[in-house]
Every structure is written in structure tokens, then in C-alpha cells.
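Q: Please take me through this structure one feature at a time, and tell me how to read each feature before turning to the case itself.

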Amino acid sequence: MRPITVLFAALLLALSAAAWIGVAVAQKDAPAKAAADKSGFEGWKYPGATELGSGQGAGGYHAMLATTDALDKVEAFYEKKTGEKLKPDQAGGSGIGGGAGEARVFQDDSVQPGAKSEPRPVVVRILVNRTKGHDLSLVISRAKGEDHTHIALTYFPK
């Protein structure tokens with residue numbers, strides 16, 4: 001009976017050691033992956049913008065930014081970065097598209113409801129972009145008479 005107990009104890013010890021080594025390796029690799037994901041997110045921040053707040057959790061990152069650059073300049077930066085058009089053909093325009101694991105939704109929330117669709121005192125552009133490498137949510141806004149364009153980013157690397 002004693003050899004079986006020793007064999008069982010040795011097997012249990014070996015399994016415990018293997019599990020501990022696996023956890024140690026995963027923990028060692030996790031900071032490197034997190035750093036790579038964070039650097040990917042940093043590239044989405046508008047250059048020179050003031051960070052109003054940011055954070056990370058649930059595998060993703062978010063930031064609120066503001067810049068004195070004009071709305072058109074900020075839109076141009078993100079159009080180049082995403083390959084998506086961010087200025088609608090007509091106020092209040094929207095669109096959705098994608099395929100093969102990718103999707104994009106664009107909305108312009110810059111008009112009042114009703115038949116006249118008069119402009120609001122704030123321009124709001126919204127892009128949700130799902131690619132093979134990340135999920136991105138981008139909101140760009142600028143109110144009439146304000147000195148800053150605001151940018152809200154949410155980024156989940158895959």
C-alpha cells in the first residue's frame with residue numbers, strides 16, 4: 001500500500017509543479033503583451049492633445065482628450081489612421097459596412113430632429129470600427145464657440 005501512496009504523492013507533486021510553472025510563464029508573458037497593447041493604444045491618441053482622463057481594464061483602454069486644433073484637422077488625422085471617411089456627405093449622415101470579421105459604423109449627430117434638420121450648436125462624429133486587430137470607438141466633438149475639439153477613445157486590442 002505504501003508504494004501506491006508514494007506514487008500518488010509524486011504524481012500530485014509533479015502536477016502541482018507543472019501548473020506552477022505554467023502560471024509563472026503566463027505571468028512573465030502578460031506584462032510584455034500588456035505593454036505592446038498599451039503602445040498600440042498610444043498611437044490612437046491625437047498628437048499634442050491634452051489628456052483629460054484615461055484608464056484601462058477588461059483588456060481595453062480609454063481616454064478623453066482635447067486639442068485646440070480645428071475639428072477638420074482632427075477628422076483628417078483619424079480618417080488617415082482608420083481609412084474611414086468621418087465627414088458625412090450631408091449633415092446627420094450615417095453608414096454601416098464591413099465583412100469577414102470586420103465592421104464599421106459611422107454616425108453624424110450634428111442636426112436637430114425634424115423636417116428642417118437644422119444644425120445643432122455642436123458637431124459630433126462617431127465611429128465604431130471592428131478590425132481583425134482591434135475594436136475602436138471614436139467620438140469627436142466641437143461645440144460652437146468652444147476653443148477645443150474633444151476626442152473620446154475606447155480601444156480593445158485583439
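**Reading strands, sheet and core**

A: Strands S1 and S2 form a hairpin with 2 residues between them, and in that turn Ala-58 has a positive phi of about 55 degrees. This is a predicted model, in which local features need pLDDT of at least 70 and side-chain atom pairs count only at pLDDT 80 or more, whereas totals for chains, interfaces and linings use all residues. Residues are numbered from 1 along each chain as its sequence is written, and side-chain values use heavy atoms, with hydrogens and water left out.

Q: How many helices and strands are there in the protein chain?

A: Helices (H or I, at least four residues) and strands (E, at least two) are DSSP runs, numbered from the N terminus. The protein chain has 2 helices and 7 strands, and along the sequence they follow the pattern α-β-β-α-β-β-β-β-β.

Q: In what order do the strands stand in the open sheet?

A: Two strands pair if DSSP finds at least two bridges between them. Here the 7 strands make an open sheet in the order S1-S2-S7-S6-S5-S4-S3, with antiparallel pairing. S1 and strand S3 (94-99) stand at the edges with a single partner strand each, so one side of each has no neighbour in the sheet. From one strand to the next, the twist averages 5 degrees.

Q: Why is S2 described as largely enclosed?

A: A residue is buried under 20% relative accessible area, exposed over 50% and partly exposed in between (1.4 Å probe, protein chains only). In S2 (residues 60-67), 6 of the 8 residues are buried, so the strand is largely enclosed by the rest of the structure. For the protein chain as a whole, buried residues make up 26% of the 158 residues.

Q: Is Glu-75 buried or exposed, and what is in contact with Glu-75?

A: Glu-75, found in helix H2 (residues 71-82), counts as buried at 2% relative accessibility. Contact means heavy atoms within 4.5 Å; leaving aside neighbours within four places in sequence, Glu-75 is in contact with Leu-86, Lys-87, Arg-125 and Ile-140. A polar contact is a pair of N or O atoms within 3.5 Å, and within protein one must be able to donate a hydrogen and the other to accept it, while residues adjacent in sequence count only if both atoms are side-chain atoms. The side chains of Glu-75 and Arg-125 make such a polar contact (2.4 Å).

Q: Which residues touch the most other members of the largest nonpolar core?

A: In soluble globular proteins, nonpolar side chains tend to be buried together. A nonpolar core is a set of buried Ala, Val, Leu, Ile, Met, Phe, Trp, Tyr and Cys residues joined through side-chain atoms within 4.5 Å. The largest core here has 18 residues, of which Tyr-78, Leu-86, Leu-138, Ile-140, Ile-151 and Leu-153 touch the most other members. S2, H2, strand S6 (134-143) and S7 each supply at least two residues of this core. Not counting residues up to four places away in sequence, Leu-138 touches several residues, including Tyr-78, Leu-86, Ile-151 and Leu-153.

Technical notes. Axes fitted to C-alpha atoms, helices over the stretch in contact; angles between N-to-C directions.
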